[in-house]
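Biologist: I am new to this structure, and I would like to know what stands behind the words used for it. Please show it to me, and I will ask about each term in turn.

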Amino acid sequence: MKRTLVSLIAAITLLSTAHVQPYRDDFDGGFALNWSWKLPQNDPLCTLFDNAAFINAEESVLVIQMRDGGMFSNFNTHKNVPTLRIVGAPPDDWYIETSLRAADWNQVPYCQWCYPQAGILIATGAKNYFQQLVTRDGNNGLPDVYASANWERDDQFEWAYRVSQSWIPDDGWIKLRIEHVPDPNNPYIVLTYAHSGTNGLTEYDGFNGARYYSIEDAELYNWIVGLLTTPGARIGLYTDNAGTGSQAAFWFNYLETNIPVAPVGDVNTDGIVDDADLLAVLFNFGTEGECQDEDVTNDGVVDDADLLTVLFNFGSGG
Ligand SMILES: [Ca+2]
Ligand SMILES: [Ca+2]
Ligand SMILES: [Ca+2]
């Protein structure tokens with residue numbers, strides 16, 4: 001009897017802590033999530049450029065080679081910004097996590113006033129975004145990197161300056177994670193990172209800090225939360241050559257989030273894959289060009305591969 005009760009309680013506990021499976025892309029030979037290369041308010045709108053962003057099947061990574069162009073201030077000419085479109089309310093304990101490294105840190109330039117960087121993007125477009133980044137140190141002329149944060153509100157650029165001590169990068173993966181901690185007294189957003197010099201994920205160590213409290217930092221906190229819940233919001237992966245002309249590549253090992261994003265095959269990004277998506281592909285069958293919504297496979301053509309992808313995922317989401 002006692003044993004039955006214990007298993008019952010265990011079962012209930014399991015149920016109550018059951019979470020929706022996170023959305024995760026390991027870039028394992030192809031895309032597992034519904035990536036888009038469109039960036040609203042950016043010119044060009046389609047950021048997929050020069051075939052400089054692709055899956056490296058051997059390494060199971062998404063490679064993004066940096067190109068000139070930026071989201072900085074009102075320049076808004078960025079290249080190669082893959083995003084996932086948010087299609088539902090984030091859970092209370094939302095998070096976004098990635099792991100990245102430079103393909104070769106020696107190729108990532110370091111110079112005064114230049115800050116090549118890569119990381120996580122939360123955006124409604126090129127004018128309004130928040131970024132958690134790993135940034136090359138442009139001040140000391142040494143090949144150091146540090147963790148940082150940038151954001152823009154209506155093209156007004158702000159930065160949290162350096163939010164970690166700098167370190168000399170190696171070939172190890174650098175993990176970045178932004179999450180919401182639903183503390184009942186004072187919920188907050190926290191940025192953490194991990195690299196070969198830390199013992200797992202750790203909080204940034206100071207300067208302007210990397211916690212944004214709902215009480216003390218209400219304006220910024222509310223704005224970040226508001227970004228995620230604005231219609232058309234997206235989360236993505238980001239690289240930036242800081243105008244140095246560098247075409248060095250960053251490797252992204254995975255992206256994982258528990259924020260509902262458009263499922264694969266969801267052409268019209270309403271969160272479900274149904275006949276509307278099928279029809280959209282059929283009506284655009286045979287058309288070519290980059291960044292078409294109907295090109296689910298991101299290979300520049302709408303064909304039977306896209307049709308099959310929608311069919312295989314028919315009914316998912318919702
Ligand atoms: Ca901008
Ligand atoms: Ca749909
Ligand atoms: Ca295609």
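Modeller: Start with one term: two strands are said to pair if DSSP finds at least two bridges between them. Please keep in mind that this is a predicted model.

Biologist: How do you know that β7 and strand β15 are joined, and which way do they run?

Modeller: Seven bridges lie between β7 and β15 (residues 234-240). Pairing asks for at least two bridges, so the two strands pair. They run antiparallel. One position to look at is Gly 119, which faces Tyr 238 of β15.

Biologist: What makes β7 and β8 a pair, and in which sense?

Modeller: Their seven bridges, in the antiparallel sense. At least two are needed, so this pair qualifies as well. Ile 122 has Phe 130 in β8 as its bridge partner. Five residues lead from β7 to β8 in a hairpin.

Biologist: What joins strand β8 to strand β9?

Modeller: There are eight bridges between β8 (residues 129-136) and β9 (residues 145-153), again antiparallel. Gln 131 has Asn 150 of β9 opposite.

Biologist: How many bridges are there between β9 and β10?

Modeller: Five, and the sense is antiparallel. Trp 151 is opposite Glu 158 in β10. The two strands form a hairpin with two residues between them, and in that turn Asp 154 has a positive phi of about 50°.

Biologist: In what order do the seven strands of the open sheet come?

Modeller: The order is β2-β5-β15-β7-β8-β9-β10, with antiparallel pairing.

Biologist: Why are β2 and β10 called edge strands?

Modeller: Each of them pairs on one side only. β2 covers 35-36 and β10 covers 156-162. The whole protein chain has 16 strands and four helices.

Biologist: Why is β7 called mostly covered?

Modeller: Seven of its seven residues are buried. Over the 318 residues of the protein chain, buried ones make up 40%.

Biologist: Which residues have the most contacts inside the largest nonpolar core?

Modeller: They are Leu 121, Val 134, Leu 237, Phe 250 and Phe 252, in a core of 62 residues. Beyond four places in sequence, Leu 121 touches residues including Val 81, Tyr 129, Ile 235 and Leu 237. A second, separate core has seven residues, among them Val 281, Val 296, Val 302 and Val 310. In general, nonpolar side chains in soluble globular proteins tend to be buried together.

Biologist: Why is Pro 109 called partly exposed?

Modeller: Pro 109 has 18 C-beta neighbours inside 10 Å. Buried needs 20 or more and exposed needs 12 or fewer, so Pro 109 falls in between. Its place is the loop between β6 (95-102) and β7 (117-123). Outside four places in sequence, its contacts are Cys 114, Pro 116, Thr 244 and Ser 246. Ser 246 is 137 residues away along the chain, yet the two C-alpha atoms are 7.0 Å apart.

Biologist: How do you know that the protein chain agrees with a compact globule?

Modeller: A compact globule of 318 residues would have a radius of gyration near 20 Å, and the chain has 20 Å, so the two agree. The C-alpha atoms fill a box of roughly 65 × 60 × 40 Å along the principal axes.

Biologist: Into which domains is the protein chain divided?

Modeller: Domain 1 (20-262) and domain 2 (269-318). Their contact takes 11 residues from domain 1 and six residues from domain 2. On the side of domain 1 that touches domain 2 there are eight nonpolar, one polar and two charged residues. The domain centres, over C-alpha atoms, are 27 Å apart.

Technical notes:
Residues are numbered from 1 along each chain as its sequence is written. Chains are lettered from A and ligands numbered from 1 in the order in which they are written. This is a predicted model: local features need pLDDT of at least 70, side-chain atom pairs count only at pLDDT 80 or more; totals for chains, interfaces and linings use all residues. Two residues are in contact if their C-beta atoms, placed from the backbone, lie within 7 Å. Domain bounds come from an automatic or database domain assignment. Ala, Val, Leu, Ile, Met, Phe, Trp, Tyr, Cys and Pro count as nonpolar, Asp, Glu, Lys and Arg as charged, and the others, Gly among them, as polar. A nonpolar core is a set of buried Ala, Val, Leu, Ile, Met, Phe, Trp, Tyr and Cys residues joined through C-beta atoms within 7 Å. The radius of gyration is taken over C-alpha atoms; the globule rule is 2.2 Å times the number of residues to the power 0.38.
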